[in-house]
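Visitor: I am new to this structure and would like to know what lies behind the terms used for it.
Guide: Then let us look first and take the terms one at a time.

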Amino acid sequence: MPVDEKRVKLRLENISQSYVVNNKVFDAVSNISLDVYDNEFLVILGPGHCGKSVLLNIIGGLEKPVEGSKYLDGEKLTGSDKRIGMVFQKLALMPWKTVMSNVEFGLQMASVEKTKRREIAQQYIDLVGLKGFEKSYPSQLSGGMKQRVGIARAYTNNPEILLMDEPFGQLDAQTRYAMQEEIQRVWYQQKRTIIFVTNNIEEAVYLGDRIVLLSKCPASVKQIYNIDLPRPRDTIEPKFLAIRKEISDNTDLAL
Amino acid sequence: MEKIVIQQGIVLSESEKKEIRQNRIYKILPVVSIILLSALWLFASKEVLGFPSPAETWERFTQLLEKPIKALSLWGHIFVSLQRVFLALVLSWIIGISFGILLGWSEKCNALFGPVFTAFRAVPPLALIPLITIWFGTGEGPKVLLVFIGALMPVVVNTQAGMRNVNKLYLDVGTIFNATDRQKLFQIAIPSALDAIFAGVRTSASAAWMVVLAAEMLGAKAGVGFLIIRGMDSGDEALVLLSMICIGIVGAMLAVATQIAEGVLCPWTRKGSN
């Protein structure tokens with residue numbers, strides 16, 4: 001799809017965020033403006049512990065920026081919105097709920113009637129390959145399976161934009177590769193706008209339609225890369241490696 | 001987790017045999033302590049004057065089943081004590097959990113009641129016996145009230161702590177799904193505080209059992225605490241010892257019962273079940 005045909009789904013304008021830590025002002029995000037297109041897989045890449053999650057939390061409405069505004073389909077948003085879903089970095093599955101109850105949680109909050117929400121939740125449990133584990137508790141699942149529950153939970157509410165905050169950061173390398181393929185498969189089957197935060201360059205190039213490279217603290221947009229490689233991508237192909245190196249050379253070191 | 005079934009006729013490796021031996025030790029050790037205690041008891045009853053032997057205690061036990069004290073058998077007295085405990089516990093759970101949720105969830109309520117409650121909590125329930133006796137006498141009501149106060153404190157303190165420590169991450173999930181404050185309270189905060197609340201419930205059960213005995217010892221016509229005092233007044237050491245054993249066994253059963261209740265009501269705390 002040529003760039004001019006792309007429809008802007010989410011617009012960020014001059015977003016800045018700072019905190020007061022030990023009586024000193026600490027700038028986390030500095031003046032970020034960004035357009036996110038409909039149904040694209042956008043990766044936000046940046047050095048560790050700086051601004052990425054903050055930016056995602058602002059988009060999701062978990063924190064309010066000190067400056068700037070966000071627009072969804074041209075409409076200004078202030079807090080959280082049910083059209084924006086999130087897969088959390090630290091899983092955030094509720095240990096007292098079964099897989100089924102965790103996945104249907106969003107629908108329950110939206111007061112969807114029980115049989116209806118069971119039906120929808122079951123679809124997404126099947127989609128992420130957790131059929132048969134509906135009655136298990138999170139403590140009985142492996143790390144990869146837990147993250148699948150988190151993904152299903154976010155999808156179940158049928159959000160138009162899905163935020164993913166380093167969802168695979170705590171998985172071992174093998175599981176991580178498997179989950180990267182998985183998330184791509186799910187995205188193909190159920191097209192959404194995805195904003196995916198990571199500090200892993202290979203993961204970014206493997207998944208992203210576009211990569212927004214952030215600078216070190218305070219985070220600002222350093223460069224945006226369009227990744228035109230065909231999917232599924234081959235991580236050892238020369239073109240892939242060239243892009244990976246280019247981004248790597250341009251990345252600020254984390255403190 | 002699947003249970004490992006050891007099939008017959010299968011050759012076990014050395015390490016497996018060692019593991020089985022070690023598991024056996026954990027089954028034997030509790031029995032060892034009971035045997036040791038019994039031996040010590042037997043020895044003490046022979047050496048110390050006025051220390052009833054196991055046989056004498058057992059005799060007292062069978063005698064008490066046939067010859068009631070104040071028209072109640074041993075079971076009757078235990079039942080009277082338990083009745084007081086249960087009534088007080090149910091009241092303390094209903095009021096304590098509600099109050100604890102209020103204190104833990106609302107900053108304003110915490111600021112309003114917190115300091116007074118903290119000071120009041122430091123007064124042991126036994127110190128309230130004189131005032132309660134002066135005001136309300138020694139009937140059934142004052143005893144239940146005393147046990148209620150003793151059981152209330154741990155429930156409120158634990159519930160409050162559980163509600164204060166709700167993981168912000170779970171509340172964030174609620175925010176993302178546009179949950180109302182009411183939904184966050186009932187669907188996220190309270191369920192996530194349930195294990196802390198149950199810790200309070202467990203403590204309250206053992207506290208209630210202790211307070212009821214103390215209350216009964218200071219003036220009652222029935223109950224296990226009454227039996228102990230009756231034994232003391234009539235120089236019946238076997239009755240005192242028998243009552244103590246009953247107190248221990250019933251207390252342990254209460255603890256096990258609350259633990260089982262927790263497993264049933266909060267199945268996720270049973271790690272690795274299924």
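**Strands of chain A, helices of chain B**

Guide: Strand β7 (residues 161-165) of chain A is mostly covered, with five of its five residues buried. This is a predicted model, where local features need pLDDT of at least 70 and side-chain atom pairs count only at pLDDT 80 or more, while totals for chains, interfaces and linings use all residues. Residues are numbered from 1 along each chain as its sequence is written, and chains are lettered from A and ligands numbered from 1 in the order in which they are written.

Visitor: What makes a residue buried or exposed?
Guide: A residue is buried if 20 or more other C-beta atoms lie within 10 Å of its own, exposed if 12 or fewer, and partly exposed in between, with C-beta atoms placed from the backbone. In β7(A), A:I161, A:L163 and A:D165 on one side are buried, and so are A:L162 and A:M164 on the other, which leaves both faces covered.

Visitor: What makes a stretch a strand or a helix?
Guide: Both are DSSP runs numbered from the N terminus: helices are H or I with at least four residues, strands are E with at least two.

Visitor: How many bridges make two strands a pair?
Guide: DSSP must find at least two bridges between them. Strand β6 (residues 84-87) of chain A and β7(A) have four bridges, in the parallel sense, with A:V87 bridged to A:M164. β7(A) is also joined by five bridges to strand β8 (residues 193-198) of chain A, again parallel; there A:L163 has A:I195 as its partner.

Visitor: Which strands pair with β9(A)?
Guide: Strand β3 (residues 41-45) of chain A pairs with β9(A) in the parallel sense over four bridges, and A:V43 is the partner of A:I211. Strand β10 (residues 221-226) of chain A runs antiparallel to β9(A), with five bridges, including the one between A:L214 and A:V221. A hairpin of six residues connects β9(A) to β10(A). Strand β9 (residues 210-214) of chain A is mostly covered, as four of its five residues are buried.

Visitor: Why is α4(B) said to lie largely in the open?
Guide: The number of buried residues among its 15 is zero, so α4(B) lies largely in the open.

Visitor: Where does α4(B) bend?
Guide: The bend is about 45 degrees at B:F113, and the proline B:P115 follows within four residues. A bend at a residue is the angle between axes fitted to the seven residues ending there and the seven starting there.

Visitor: What is the span of helix α6 (residues 140-164) of chain B?
Guide: Its 25 residues reach 36 Å from the first C-alpha to the last, close to the expected 36 Å. α6(B) has a kink of about 25 degrees at B:L152, shortly before the proline B:P154. α6(B) is mostly covered, with 20 of its 25 residues buried.

Notes
Expected span 1.5 Å × (residues − 1).
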